[in-house]
Amino acid sequence: MISLGSFFSRGPAPLLGIDVSSSSVKLVELGRNRAGELVLERCAIEPLERGWVADGNIEKFEEVVEAVRRVVRKSGSKTKDVALALPAAAVITKKIVLPGGLSDAELEAQVESEANQYIPFSLDEVSLDFCVIGPSANSVGDSDVLIAASRKEKVTDRRGLAEAAGLKPVIMDVEPYASRLAAARVIETLPNHGVDSLVALFEVGAVTTSMQVMRNDDVLYERDQAFGGAQLTQLIVRQYGFSVEEAEVKKRSGDLPDDYQASVLAPFIATMAQEVGRALQFFFTSTPYNKVDHILMAGGSAALPGLTEAITRQTSFACMVANPFDGMEMANSVQSRKISREAPSYLTSTGLALRRFYT
């Protein structure tokens, strides 16, 4: 029924979480100390050239394979088992209600039967998995079951990428599910541990910003917007005449002219704050809600100085950077100062690494 591991099951320990985005490959490996607390054992990031990964598809296979090899070498990890994720657009998910008390074989048969209603292609062409969430809140004696399906070639591409890099893929997740798992730890640090709070999570990628609005374990709203950190790179190119590659390197290192803050960064931050405000307005007009309690910012541009303050001014809602490593012990191999700047980029890869400990 499943061609590769599972979308939801627990992976064997130890485990690498590797997130392949359009701009970089991120790796996280987690452990626990004797007290049972999470330890950041290793993390590393390797940039990808523009066009190597586009719309979640691996366009330059060998180049991306080599980038995965480099990020593993850079991390110093000897672990081979890896959790990967597919973009949300490549996966169909649906929550269904099935009778409680079914055997595994009966449950599998029921899921396959139900999946035919929601998947627009033959089951022979898909990798299909399911997860029993628990008793149904609306139907006594029944269970809520989450099903997930993706075209086999999408799964095969990710599996082949890992295997070509000398790794063993054991879990195939879905990017927003992985990011929510990591974000849940951040939400627990909010007042009242975030219980019943309406939290809007924004992940700023290179070309797309994804938004998820959550309350407790429920996702109330999801939306992607065509806006991302690559626009800042383009502004740097236009302002200073650098090549795209030079601009990207200088953006990461901070090695930019004196007028960068006022001439380039401030206008970009203002635009990003407007985009966040616009996305929230779409949420408000599409749902009964008219406010959120907290905004969390993740992704490569989330830690830009002044961004959270600009978003709070724009929206009037409290905003903070989502650092998935908050509350973790840092292993000696981790450079704490560098990580504090890059941490928001690692949200999805941290969620993947957490699959070692969470179902």
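View 1. E46 is buried, with a relative accessible area of 11% (buried means under 20%, exposed over 50% and partly exposed in between, with a 1.4 Å probe and protein chains only). This is a predicted model, in which local features need pLDDT of at least 70 and side-chain atom pairs count only at pLDDT 80 or more, whereas totals for chains, interfaces and linings use all residues. Residues are numbered from 1 along each chain as its sequence is written, and side-chain values use heavy atoms, with hydrogens and water left out. The side chains of E46 and R70 meet in a salt bridge of 2.8 Å, N to O (a side-chain nitrogen of Lys or Arg within 4 Å of a carboxyl oxygen of Asp or Glu). R70 lies in helix α1 and E46 in strand β3 (residues 38–47), so the pair ties together parts that are 24 residues apart in sequence (helices, H or I of at least four residues, and strands, E of at least two, are DSSP runs numbered from the N terminus). R70 is partly exposed, at 27% relative accessible area, and a network of salt bridges links E46, R70 and K74.

**View 2. The salt bridge between D293 and K291.** The closest N and O atoms of D293 and K291 are 2.9 Å apart; D293 is partly exposed, with a relative accessible area of 28%, as is K291, with 41%.

**View 3. Buried E203 without a salt bridge.** E203, placed in strand β11 (residues 198–204), is buried yet has no salt bridge, the nearest side chain of opposite charge, R180, being 8.0 Å away (Lys and Arg count as positive, Asp and Glu as negative, while His and the chain ends are not counted).
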